[in-house]
Amino acid sequence: MKNPISQLNKVFESRIRLGVMSILMVNESVNFNDLKQMLELTDGNLASHLTTLEEQGFIQVTKGFIGRKTNTTYTATKAGQQAFKDHLTALENMIKGVK
Amino acid sequence: MDWPKLWMKIWWNQSIYLTLKHKVLFMQENQTSLDALQDIKQMMERSSRFISLSGWSGISAGLAALAGAFIANSRMAHYIPSNQQSDYSLRGMAVNQSSYYDLLIELIAIAIGVFVIAFVTAFFFTYRRSVSKNTPIWNSVSQRMVWNALLPILVGGIVILRVLYLESYTLVAPLCLIFYGLALLNASKYTLGEIRWLGYAQIVLGLINLWNPGWGLVCWSIGFGVMHIVYGFIMWWKYERAD
C-alpha cells in the first residue's frame, strides 16, 4: 500500500488555503471581502494564498465591478475540486491507517 | 563480558525506541488530519449557513403573536353579538356595515402591529447572538437566507391581499400559515436545519385550517404563537444554553 502521507496535497498544508477551498466547495462563487470575513484574515495575507491557488489552477478569478468598486469573485475549478477531494480521501486514509 | 548478549540488548532497546518514535509521529499525523477535517467542516458550515439565529427570536415572536391573537379575539367579541359568533363570514357577524369596516381595519392594524413587534424583537435577539459569536449578521449567507424566506412571504402577502379584497376572510389564517411554512422550509437550507420542522408543522396546520374555517384564530395562535415558542425553546436548549 502507498504511504498515505505522500497522497496529501502540499498546497493544502496551509490552513488558509484549505479553508478557502472548503468555502469554494460549498459556494458557487465568493467575493474577496466575504472570504476575508469568514477566514478572519488581512487583505495581504489572503491575497497571497489566493495567488498560490490560482497559479495551481485550483481557483478561477473573475474581476468585476459593483458601481465603481471592484468586486473580485473566486470559483473552484474542476481541477481544484478534484484535488480537494483527493486530499480529503488522503486525510481519511491516514485516520483509518492508525486504527 | 558477554559481548553478543550486550549487543542483543542494545539492538532490542534501539528497536523499541524506533517503534515508539514511529508511533508518536504517526499519532501526531493522525491528530493533524483530524484537525484539518474539523477545519474543513467548520468552514463549509460557516460559509453556507447562517448559524446565529437565536432561539429567543422564536420565543419573542411567539409571545407577540399570542398577545395579538388575544387582543383580536377581544375586539371581535366587542363587535360581534355573542349569538352570532358561530357564523364565520365576518360580514354576517357584525352588527352593521360601518362597524364591519371598523372591525376589519382594527384587525388589520393588530396584524401589522404584531408583525412589526415580532420582527423587531426577533431581529434584536439574533443580532445580539451574532455579535457575541463574532459572526457578521449581513453577508452573502444571511442575504441568501433572507431572500429565500422573503419570496414565499411576499407571494403569500399578495395572495392574501386578493383574498381580503374578495372578502374570503376564512382563508386568511390558513394561507398565512401555509405560505409562512413554505418560507421556513425554503430558508432552512441556509440556516440551522431544524427550522424546516417548524415549516412542515405550519403547513400541516394551515391545511387542516382550510377545511375547518371556524378555527382560524385558534390555528393562527397555535402556529405563530405556541409553535414559535416551543421551537425557540428547543433551539435555545440545544445551541445557546451552554453559552
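Author: What follows is a short exchange on salt bridges.

Author: This is a predicted model, where local features need pLDDT of at least 70, side-chain atom pairs count only at pLDDT 80 or more, and totals for chains, interfaces and linings use all residues. Residues are numbered from 1 along each chain as its sequence is written, chains are lettered from A and ligands numbered from 1 in the order in which they are written, and side-chain values use heavy atoms, with hydrogens and water left out.

Reader: How many salt bridges does a search of the whole structure find over all chains?

Author: A salt bridge is a side-chain nitrogen of Lys or Arg within 4 Å of a carboxyl oxygen of Asp or Glu. Over all chains, the search gives eight.

Reader: Is A:Glu13 buried or exposed?

Author: Buried means under 20% relative accessible area, exposed over 50%, and partly exposed in between (1.4 Å probe, protein chains only). A:Glu13 has a relative accessible area of 57%. That makes A:Glu13 exposed.

Reader: Which side chain meets B:Arg46 in a salt bridge?

Author: The N to O distance of this bridge is 3.7 Å. B:Arg46 lies in helix 1 of chain B and its partner in a loop of chain A, so the pair joins two chains. Helices here are DSSP runs (H or I, at least four residues), numbered from the N terminus. The partner is A:Glu40.

Reader: How many residues apart are B:Arg75 and B:Glu106?

Author: These two form a salt bridge, with the closest N and O atoms 2.6 Å apart. B:Arg75 is in helix 2 of chain B and B:Glu106 in helix 3, so the pair links distant parts of the chain, and the separation in residues is 31.
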